[in-house]
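Subject: Handover of a structure and findings

Dear colleague,

Please find the structure below, passed to you for your own study. A description of what was found in it comes after.

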There are 2 protein chains.
Amino acid sequence: VAGFLSATASSKQKETGADDLALIYSPGGAKVAALFTRNKVKAAPVILSAKRAAGGSAGAIIVNSGNANACNGEEGYRDALKTTEMAARALGISAEEVLVASTGVIGKRLNLEGIEEAVPSLAAGLEEGNLPRVARAIMTTDTMPKLSRCEGVVAGRTFVVCGMGKGAGMMRPDMATMLVFIMTDLNIESAALQTVLANTVDRSFHRINIDGDTSTNDTVIALANGKAGNEVVGNDGPGLDEVQRAFDHVGNALARMLVFDGEGATKFVEIVIKGARNDEQARLAAHIVAESKLVKTAFFGQDANWGRIMAALGRSGAEMEPEKVDIFIDDIVLVKNGLWAGKQAEENATARLKNREFRVTADLNLGSGQATVYTSDLSLDYVRINADYRS
Amino acid sequence: VAGFLSATASSKQKETGADDLALIYSPGGAKVAALFTRNKVKAAPVILSAKRAAGGSAGAIIVNSGNANACNGEEGYRDALKTTEMAARALGISAEEVLVASTGVIGKRLNLEGIEEAVPSLAAGLEEGNLPRVARAIMTTDTMPKLSRCEGVVAGRTFVVCGMGKGAGMMRPDMATMLVFIMTDLNIESAALQTVLANTVDRSFHRINIDGDTSTNDTVIALANGKAGNEVVGNDGPGLDEVQRAFDHVGNALARMLVFDGEGATKFVEIVIKGARNDEQARLAAHIVAESKLVKTAFFGQDANWGRIMAALGRSGAEMEPEKVDIFIDDIVLVKNGLWAGKQAEENATARLKNREFRVTADLNLGSGQATVYTSDLSLDYVRINADYRS
């Protein structure tokens, strides 16, 4: 994306010595929109960045992996402040213009000396083509960097939206449960950028659920630097739909990648609830099914264990009548009117469960409420990763 | 317990040919109290037994493992009816006097011929000393039979309360998430028996949470045959406290055994929330901590990962202020005012996590709300068992 410089370095938060610090810089500043975790326990960088992003503009983001800087009290907040001051000094801008994000272990102090040593080389290494390296530097238990790009046209001007994300575990909406940075060269008002970002998050990151745990550090930041030179996009002007389309494309692609790369995931599962009394009940049921340990281990075992899906629906709190429920694996009817559709149906469904990706649809046949959630299975590796992580 | 005869047999619901059918019979009948799953998807035996128990008396319980007889529609209900009719015929009593319970795979028809063949030998084998065999016959993924016994005295008369349970997975209160049968020789009114049972369930089975999934088949039945010859215990008469004490003892012992033997469990963890705004918020927070996959995998990994506990508290919906939270492992302060209590504290806490059993206390320091939940860890074996089960 034109006008966004970035660089990565090691600040020794990670024991491996891999790059764990990244700087994204938009000379001349950018409009900013952001959304943060709804967890009552908020990491220091979340508290600080929320304050600064509220002003509607920012010039840079400094982000580290390997340490969440959460639950460190006032000292943690001062560490976050100092991190932004170091970045600001190296860039020759005000610290107020610098946002900060962190991801990793909770309750451990940041290695501030590591950051201080790394910042000059970060500033010296700023280049336009470095975003893939940033996507890699923000990884924790992720196995691959996640980037998505989309172009659009507003009033004859082409613009680019490029996003990156990291996720893996502790992922449940409320809010987006990860770090996501979206850069665009659009000329857009802050308020419009916030509207578009909030819509995109609702349709993408709020739909994913790896393990039902909500992180203390969830952060989605969008920066728009105006380099596309389009006429400014406002909240009720033309072009907003086109911008939304591009953001939705990037958000949805990243959300799917986050689930594909969920901790230990061997399956990507789209849970669709239809025919609920309303959308809210559909969402509730979809998340309960997506979080059920028994449903998720059955996915891992490639077992068309529809009884566990019925049981999860029945305890979800959503209105349902067992004898009205239909369940499908992709397009195969596994349960009709609450009853097993037979051996052949189960064999066909089981064949689909062997795929890397499939859809589970439950139609409650009560109303028109609908919701979709992306989730993964609960595998042996999920347990291995999370029993070993931090030790 | 005097006057309760029982027997077990194989009815070929289980492929192994192990005993999977049991009959408990109280000649002359008994007062009955019962509680059932709150899942909207209720197994056929739950629907049938709830109707019959409402009358306040029953003479026998027939129970099978290996098949839940859930989600089988009207045919499943007829199968449950027929099962009670077979038992009634063999015992020479009315089918209305027979309760039925099932546990096992959802959505598979019962092997009724197997039951028909087994019932005569069941009836012929009825003896007073067989309850331990019943406790074994109702097991599914349980690794050991679970029995508890307590004596009490009411107005000079000794009485006995004996309970058995099976659990293992799909265990979360709402309701007690298992099969539990409690036999007593007390002379007690049905209404008083229901009061005592409901209190006990609140203090025991409603406190356990293995995996957050609620079963379709949860059933707790208490039978009281009056053989102790005590003056009848009523809802506001003397003796009720003593009866409650005995029931609570049995309920709590069984609840703890159910968690100890939770699927794949390597840890027994008592989660205590103190200082919540009220008891309801404390319960909410305790269950969210107990269900968190990340907290549970950290228990499995013997990792004093208090950040995951803080994050779970923060998303629980209970009111909390991070900087007020104290967390203890047994009596060791791991977190004080939301902050890490230091390396020595963590080492001491980690040593406790290596035990088979420990307590995690979170004091929110906001009010006097309190709750306790028993849970287990999330182990590799939990995933192995549930990915393989049914296949």
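The notes that follow cover conventions, the contact between the chains, the strands and helices, and several single residues.

This is a predicted model, in which local features need pLDDT of at least 70 and side-chain atom pairs count only at pLDDT 80 or more, whereas totals for chains, interfaces and linings use all residues. Residues are numbered from 1 along each chain as its sequence is written, chains are lettered from A and ligands numbered from 1 in the order in which they are written, and side-chain values use heavy atoms, with hydrogens and water left out.

The contact between the chains

Chain B and chain A bury about 4300 Å² between them, and 59% of this area is on carbon and sulfur atoms. Buried area here is the accessible area (1.4 Å probe) that two parts lose on being put together, summed over both. Helix H8 (293–300), helix H9 (306–315), strand E13 (339–340) and helix H11 (380–388) of chain B each supply at least two residues of the side of chain B that touches chain A. Of the elements of chain B, H9(B) gives the most to that side, with seven residues. Helices (H or I, at least four residues) and strands (E, at least two) are DSSP runs, numbered from the N terminus.

The residues on the side of chain B that touches chain A divide into 22 nonpolar, 17 polar and 14 charged. In this division, Ala, Val, Leu, Ile, Met, Phe, Trp, Tyr, Cys and Pro count as nonpolar, Asp, Glu, Lys and Arg as charged, and the others, Gly among them, as polar. In total, 53 residues from chain B and 53 residues from chain A take part in the contact, where contact means heavy atoms within 4.5 Å.

There are zero salt bridges between chain B and chain A; a salt bridge is a side-chain nitrogen of Lys or Arg within 4 Å of a carboxyl oxygen of Asp or Glu. Ten residue pairs are in polar contact between chain B and chain A, both residues being at pLDDT 80 or more. A polar contact is a pair of N or O atoms within 3.5 Å; within protein, one must be able to donate a hydrogen and the other to accept it, and residues adjacent in sequence count only if both atoms are side-chain atoms.

Strands and helices

In chain A, an open sheet of seven strands has the order E8-E15-E10-E14-E11-E12-E13, with mixed pairing. Its edge strands are E8 (208–209) and E13 (339–340) of chain A, each of which pairs on one side only. Two strands pair if DSSP finds at least two bridges between them. Strand E10 (residues 268–276) and strand E15 (residues 369–376) of chain A pair in the antiparallel sense over seven bridges, and A:Ile271 has A:Val373 as its bridge partner in E15(A).

In chain B, strand E14 (residues 357–363) is mostly covered, with five of its seven residues buried. Buried means under 20% relative accessible area, exposed over 50%, and partly exposed in between (1.4 Å probe, protein chains only). Strand E10 (residues 268–276) of chain B runs parallel to E14(B) and is joined to it by seven bridges; B:Val269 has B:Phe358 as its bridge partner. Strand E11 (residues 326–329) of chain B pairs with E14(B) in the antiparallel sense over four bridges, with B:Ala362 as the partner of B:Ile327.

Helix H1 (residues 44–53) of chain A is mostly covered, seven of its ten residues being buried. Among them are A:Leu48 and A:Arg52. The elements that cover the buried residues of H1(A) include strand E2 (21–36), strand E3 (57–67) and helix H2 (73–91) of chain A.

Single residues

B:Phe247 lies in helix H6 (residues 240–260) of chain B and is buried, with a relative accessible area of 0%. Not counting residues up to four places away in sequence, B:Phe247 touches B:Val161, B:Ile182, B:Thr184, B:Leu186, B:Leu193, B:Val196, B:Thr200 and B:Ala222. The C-alpha atoms of B:Phe247 and B:Cys150 are separated by 7.8 Å, although the two residues are 97 residues apart along the chain.

Most residues other than glycine have a negative phi. A:Asn69, not a glycine, has a positive phi of about 45°; A:Asn69 is found in the loop between E3 and H2 of chain A and is buried, at 1% relative accessible area. A:Ala155 also has a positive phi, of about 50°, without being a glycine. A:Ala155 is exposed, with a relative accessible area of 67%.

With kind regards
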